[in-house]
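Subject: Structure handover and notes

Hello,

Please find the structure below, followed by notes on what was found in it. Keep it open while you read.

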Amino acid sequence: MHNPASPSLAAFARGKLAEIDAADLTRRLRPTLRGDGLIVERGGKKLISFSCNDYLGLSRHPQVIAAAIAATETYGAGAGASRFVTGDNPLYGEVEARLARLKGTDGAIVFGSGYLANLGIVPALLGEGDLIVGDELMHACMHGGSRLSRAKILLFRHNDADHCAEILAKERPNHRHTLVMTEGVFSMDGDRAPVKSLVEIAKRHDAWLFTDDAHALGVIGDGKGSAHADGADGQVPLQMGTLSKAVGAYGGYLTADADTLELVRHRARSLIYSTGLPPAALGAANAALALIETDAELVAKPLAKAQLFTSALNLPPAMSAIVPVRLGEPKRALEAAAKLEEAGFMVVAIRPPTVPDGTSRLRVTFSAAHDDADVLRLAETMRKLGLVTP
Ligand SMILES: *Cc1c(COP(=O)(O)O)cnc(C)c1O
């Protein structure tokens, strides 16, 4: 090893890494070839992936790939600047119009990613003296945006609308504006938020409801997401999501009413001070959203595959394309993932801090592209390995 430029910095890093390793929380980047999207190759071995968020297989769809290539040829490999300078090519308008149509809103804003969207949206709308009441399992970037806003943050028990109402009854009167935050489909648990109840509660307390539909768009509610799935069309004022999961491309978005969107355009720092998306991502997203809008049969598949898996194992029916198999300590989850890898499946172990301590798990995700036979084979393998007790 060469001499570090700062020995104290390198020593600090080594100490922290030793702690992480001792807790079985080391994360390794492993080069992975996604081939056709479903069969992935790692270390020379081919595995059937049950760990991608490409729920509709659209990242490999010929029309989506062709649209990405066409966008690159027309607009270049990079955006060249922020959207507000020269990066706002016409594909943005097309993608935003599709999102607005799908969600039934005045419009949409496309951000650099879902993560960047949450870092930008929350501080654009809330500040000191305001209150955020969020589900305790909300995504890291929802916490990130909340903290950046300097609003007070209180968490309610997972999917417990009554607890959310209790907090609002007590705290809402002491704050100027209040945001209620949840995920439409929870990324690590696959369950759905009680959107309709949260709509009622937010209305009663004059709070603004925000849903993160990263895992809902393209999968539930005819592909329109969690508000539509829960019979709350037009009642969730702030719906964000990503173009990187079921849409198969890259980017984040917010849908809202025209005035709110205009304010966010003026104040979201992650939108203003970051370069626009590579045109290929927008071309791909545009083609993928067109398929989501029109191909109801495709959109219905990931949930059906997940439910085939849960019914084969006598688990409660899947509510999304994500099924968690909780195993407890990190080591158990890692060992289970290694055994499945030996059997030809890639199911990645999820450990803290992505999930709470003691809830390390296998997170099984389903795609429209999976064969029913492979889904059943995975279920049988997991049963034989004793990972799921019926
Ligand atoms: C993946 C994810 C994001 C981030 O979206 P990216 O486009 O990947 O940055 C945000 N929220 C939730 C719930 C997610 O699962």
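Helices and strands here are DSSP runs, a helix having at least four residues and a strand at least two, and both are numbered from the N terminus. Please also note that this is a predicted model.

Pro353 is joined to Pro352 by a cis peptide bond, with omega at about 5 degrees.

Two other loop residues have a backbone angle worth a look. Asp24 is not a glycine, yet its phi is positive, at about 60 degrees. You will find Asp24 in the loop between helix 1 (7-22) and strand 1 (39-42). Its relative accessible area is 28%, so Asp24 is partly exposed. Asn314 is not a glycine either, and has a positive phi of about 55 degrees. Asn314 belongs to the loop between helix 13 (296-312) and strand 10 (322-328). With a relative accessibility of 63%, Asn314 counts as exposed, because the cut-off for exposed is over 50%.

Next, the strands. Is strand 3 (residues 107-111) mostly covered or mostly open? Mostly covered: five of its five residues are buried. In a regular strand, side chains alternate between the two faces of the sheet. In strand 3, Gly107, Ile109 and Phe111 point one way, while Ala108 and Val110 point the other way, and all are buried. Strand 3 is joined by five bridges to strand 9 (residues 252-256), and the two run antiparallel. One of the residues to look at here is Ile109, whose bridge partner in strand 9 is Leu254.

There is also an open sheet of three strands, in the order 1-2-11, with mixed pairing. Strand 1 and strand 11 (345-346) are at its edges, and each has a single partner strand, so one side of each has no neighbour in the sheet. Strand 2 (residues 45-49) and strand 11 run parallel and are joined by two bridges. Ser49 has Met346 as its bridge partner in strand 11. Helix 14 (residues 330-342) lies across strand 1, strand 2 and strand 11, and runs at about 115 degrees to strand 2.

Last, two pairs of helices. The axes of helix 7 (residues 161-171) and helix 8 (residues 195-204) come within 10 Å of each other and cross at roughly 10 degrees. Because of this angle, helix 7 is roughly parallel to helix 8; the limit for that term is under 35 degrees. The crossing of these two helices is right-handed. On the side of helix 7, the contact is made by Ala161, Cys164, Ala165 and Leu168, and on the side of helix 8 by Ser197, Leu198 and Ile201. Sorted by class, the contact of helix 7 with helix 8 has six nonpolar residues, one polar residue and no charged residues.

In the second pair, helix 5 (residues 114-125) and helix 10 (residues 258-267) have axes that come within 9 Å and cross at roughly 110 degrees. Helix 5 and helix 10 are therefore roughly perpendicular to each other. Pro123, Ala124 and Leu125 of helix 5 meet Thr260, Leu263, Val264 and Arg267 of helix 10. By class, the residues in the contact of helix 5 with helix 10 are five nonpolar, one polar and one charged.

Regards

Notes:
Residues are numbered from 1 along each chain as its sequence is written. This is a predicted model: local features need pLDDT of at least 70, side-chain atom pairs count only at pLDDT 80 or more; totals for chains, interfaces and linings use all residues. Side-chain values use heavy atoms; hydrogens and water are left out. Axes are lines fitted to C-alpha atoms, for helices over the stretch in contact, and angles run from 0 to 180 degrees between N-to-C directions. Angles under 35 degrees count as roughly parallel, over 145 as roughly antiparallel, 65 to 115 as roughly perpendicular and the rest as oblique. A crossing is left-handed if the near helix is turned anticlockwise from the far one by less than a right angle, and right-handed if clockwise. Contact means heavy atoms within 4.5 Å. Ala, Val, Leu, Ile, Met, Phe, Trp, Tyr, Cys and Pro count as nonpolar, Asp, Glu, Lys and Arg as charged, and the others, Gly among them, as polar. Buried means under 20% relative accessible area, exposed over 50%, partly exposed in between (1.4 Å probe, protein chains only). Two strands pair if DSSP finds at least two bridges between them.
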